[in-house]
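Trainee: I would like a close look at one part of this model. Could you take me through the sheet and then what lies around it?

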Amino acid sequence: MSLLEVAGLTIAYAGVPAPAVENLSFSLKRGESLGIAGESGSGKTQTALGIMGLLPPNAHARGRILFDGTDLLGESPKVLNRFRARRMAMVFQDPKMSLNPYQRIGDQLTCVLQEHRVARGKDARMRAIELLRRVRLPDAERRYRAWPHQLSGGMRQRVMIALALSCEPELLIADEPTTALDVTVQAQVLALLQEIRASTGIALLLITHDLGVIAENCERMLVMHRGRPLEQGATTEIFARPTETITKSMLAATRRLYDAPPRLPPGSSSKVLSVDDIRVTFEGPRPAWGGRKSYGAVRSVSFSLEPGETLAVVGESGCGKTTLARVIAGLVRPDGGSVHLCGKPLAAEVRLRRPTERHQLQMVFQDPLASLDPSMKVGAIVGEPVALHEPGLGGKARRDRIIAAVSRVGLDASLLRRFPHELSGGQAQRVSIARALVPAPKILICDEAVAALDGTARTAVLELLQNEQRRSGLSMVFITHDLAVVRQISHRILVMYMGRVCELADNEGLFGRPRHPYTRALINSMPVADPARGPRPAPVSGEVALRGIPRGCPFHPRCEYAIPRCAAEMPERRTIGGVEVACHRAEELDLS
Amino acid sequence: MNTAVVAGRFHNGGTAVKVSAGIVLFVAAMALAVPLLSPHDYFSVNLDQRFQPPTLQGARLFGTDDLGRDLFVRTFSGTRVTLLVAIVASFVSLVFGVAYGAIAGYAGGKIDAVMMRMVDALYALPFMFLVILLMVAFERNFLLIFVAIGAINWLDMARIVRGQTLSLKQREFVDAARLIGVPPLVVVFRHVVPNLLGVVAVYVTLTIPQAILVESFLSFLGLGVQEPRTSLGALVNDGVVQMERAPWLLLIPATLLASILLSFNFLGDGLRDALDPRRRQR
């Protein structure tokens, strides 16, 4: 008999015509792993909440959710509490939001253990530390007394998994468990989940938008779209022979990674942008006594950009890539270094730059909703740069320009009367791009411009940017943490770690023969959307240090190739075979 | 956002908002009409008609007070003063406080520090003392009440708006505006202030009751409205003295005052929802 049997599940919200989940059926055997894939709004999280009995009161669920023969739908909270934690548990997307910030890690664990009468008193403490060890939390005894804010994102997610495992449930539901984490940490957490599954035989329901994660972790998969199940079956089968067009396009978007990288059209080798030795230091809060601590967010970064070229800046959160982008845009004043536009030096602050210079450099931000003024309609948002770029245009001519700007990014003029919150993520990001393109820039800085978008919207926006580049010879600085995106759109790639440049190479060279161990660690951490491939090499250990930059090479504490020299001396950046790399052992190592 | 949209959303608000809007409009209309239309006036003393309970006879709907003055007219003439004080004081705090706070918050750095230390310094002044000084230096002037109450309220408003501005200016749409070359003052009033209005609306509706209370306190001290002119606060204070002999002198103005305060609170909630473009229309 199956452990979990969902039959004809429909979840509808009062006042919303389309149900969030419609007629969903699937089953999960003991010890099996099932991946639910789908874009946001496809009902995958609603399904998970429905199984756990966590739907809000205005949701109405119909159908059957049989857990080991008991129908959970319509059971009282008291009965459900006997199932939750003890027989099924859930790990949420954002570990920052799901731990109580006012309670120590250990107390949160012992609380669950005591509530479910698994252990009490000293025994509970022992069990909690044991659990923390099991999720490979380094230094578990000391961390037992730590507060959530003292842990990194990856550690918090490990604690969440420990909480979920505390009562030895038979089913673990993981809702986008690694989406909020950096790639190397994502690989570590997924490896941990696999290890736990192998040792305990727990059944796993993994919800994700990333088909690569499913390919590597799930035996069976279910694709959802707008609340409806599209297809389900063995993961290898669906990857090999998808029947639905939506599945096919989702797979195609994931597989672009294997496409040939874009090539730079041959032409002038003039520099449209050159960035020299940029340094930014952030000061910490002023302590009651003693000196302020400062943190080098960007430490001596240089690169240049040719017309029509896309340079990707890659690295994990906190590596300084966004700060670098903001320095180039003139939103952050650097402590040293210079930015030249077409050979002329640029003022450090956007306010002090000449209008013609300002027009040349525009930016698209990560969160499409946050970058559009919520109190303005789309027409006014796009109209603002039109009025500044071409003052003195009449009402009709201005309106024509606005319509031309939005149709250039593939939007309909009827959207001009909408507010940003009435747009989808992809539409909002197009509006943001339309606004940036109005002053006819030479350089577009994209700060994680597709990170907040779903698969198909992401592909469409990337294509739009590439078309724009082919049409107008736009150069782009593309800030991202996603190597699949990098592979698809960039000509050259700059890899950063804790404010320093590790490697600067062209697309083919970087993926074909990484020169820096950190580059290799990043590439190895990417989930591969090919279930037929064998297991990946073990992910790089450790995480970006929370405070304090290590002496010497910043990556050396996590580097498997580190030698004593790496801890003592910061490697110089030098050119080897056309690749700029900062590693003491770059010449001798073969990392391909 | 255009007025019609706001009005439309406002109309879609809950019952409490509609009832409150009705009460405020009705009271305001009465405050305008009653002193004009009534056969009585608010100042004529009539000693042989003292302490008359409310009755329909002779248009003494709310009875008379200890000097035989008609309470119906006095109540609504007092409402005029009260509403005027409330509206002018919150208008001062709205315009001046929002502009000051938004500019300080957006400019940041030294400008912000100097501007906000000035606010702190003004906070430290004992305001009642200042008002008394003003009254002594100038003649007793109705205008001074507005000046005094507005001067207190804009400080709070400036602090709240500055705090909101500090977080709003970190938002990416402000960066986007800077990048396309929108001048700083235009960024403040086009992108920052409209997004503050929800919070401001709620705070203004808190200011209105506060202003009404300060006005009644000043009147009680003899520094506010002078007899025979009156306000709701002054009427309540008078009513307290006669509570046992003529309870209507307290109950009627107090009920009116309370319902005005309550209505403004509900209106504030409604206004906040109406001003938030993210809020879906119901």
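This is a predicted model: local features need pLDDT of at least 70, side-chain atom pairs count only at pLDDT 80 or more; totals for chains, interfaces and linings use all residues.

Strand β17 (residues 443-447) of chain A and strand β18 (residues 475-480) of chain A run parallel. How many bridges join β17 to β18 in chain A? There are 5 bridges. Find D447(A) on your screen: its opposite residue in β18(A) is I479(A).

Next come two helices of chain A. Helix α16 covers residues 425-437, and helix α17 covers residues 455-472. Two packed helices are described by the angle between their axes and the distance between the axes. Here the axes come within 9 Å and cross at roughly 20°. Angles under 35 degrees count as roughly parallel. That is why α16(A) is roughly parallel to α17(A). The crossing of α16(A) past α17(A) is right-handed.

Which residues make this contact? From α16(A) come G425(A), G426(A), Q429(A), R430(A), I433(A) and L437(A). From α17(A) come A457(A), A460(A), V461(A), L464(A) and E468(A). By class, this contact of α16(A) with α17(A) has 6 nonpolar, 3 polar and 2 charged residues.

Step back to the domains. In chain A, domain 1 is 4-255, and domain 2 is 273-370 + 442-581. Their C-alpha centres lie 32 Å apart. Domain 1 of chain A puts 28 residues into the contact, and domain 2 of chain A puts in 22 residues. On the domain 1 side, α8 (183-200), α9 (211-217), α10 (235-240) and α11 (245-255) of chain A each give two or more residues. α8(A) gives the most, with 7 residues. That side of domain 1 of chain A divides into 11 nonpolar, 12 polar and 5 charged residues.

Chain A also touches chain B. That contact takes 22 residues from chain A and 16 residues from chain B. On the chain B side, α7 (172-179) and α8 (184-220) each supply at least two residues. The side of chain B that touches chain A has 8 nonpolar, 3 polar and 5 charged residues.

Finish with a helix pair inside chain B. Helix α2 (residues 15-37) and helix α10 (residues 248-275) of chain B have axes that come within 8 Å. These axes cross at roughly 130°. That makes α2(B) oblique to α10(B). α2(B) passes α10(B) in a left-handed crossing. Among the residues of α2(B) that meet α10(B) are A16(B), V17(B) and S20(B). Their counterparts in α10(B) include L256(B), F266(B) and D269(B). The contact of α2(B) with α10(B) holds 10 nonpolar, 4 polar and 1 charged residues.

How values were computed
Residues are numbered from 1 along each chain as its sequence is written. Chains are lettered from A and ligands numbered from 1 in the order in which they are written. Two residues are in contact if their C-beta atoms, placed from the backbone, lie within 7 Å. Helices (H or I, at least four residues) and strands (E, at least two) are DSSP runs, numbered from the N terminus. Ala, Val, Leu, Ile, Met, Phe, Trp, Tyr, Cys and Pro count as nonpolar, Asp, Glu, Lys and Arg as charged, and the others, Gly among them, as polar. Axes are lines fitted to C-alpha atoms, for helices over the stretch in contact, and angles run from 0 to 180 degrees between N-to-C directions. Angles under 35 degrees count as roughly parallel, over 145 as roughly antiparallel, 65 to 115 as roughly perpendicular and the rest as oblique. A crossing is left-handed if the near helix is turned anticlockwise from the far one by less than a right angle, and right-handed if clockwise. Domain bounds come from an automatic or database domain assignment. Two strands pair if DSSP finds at least two bridges between them.
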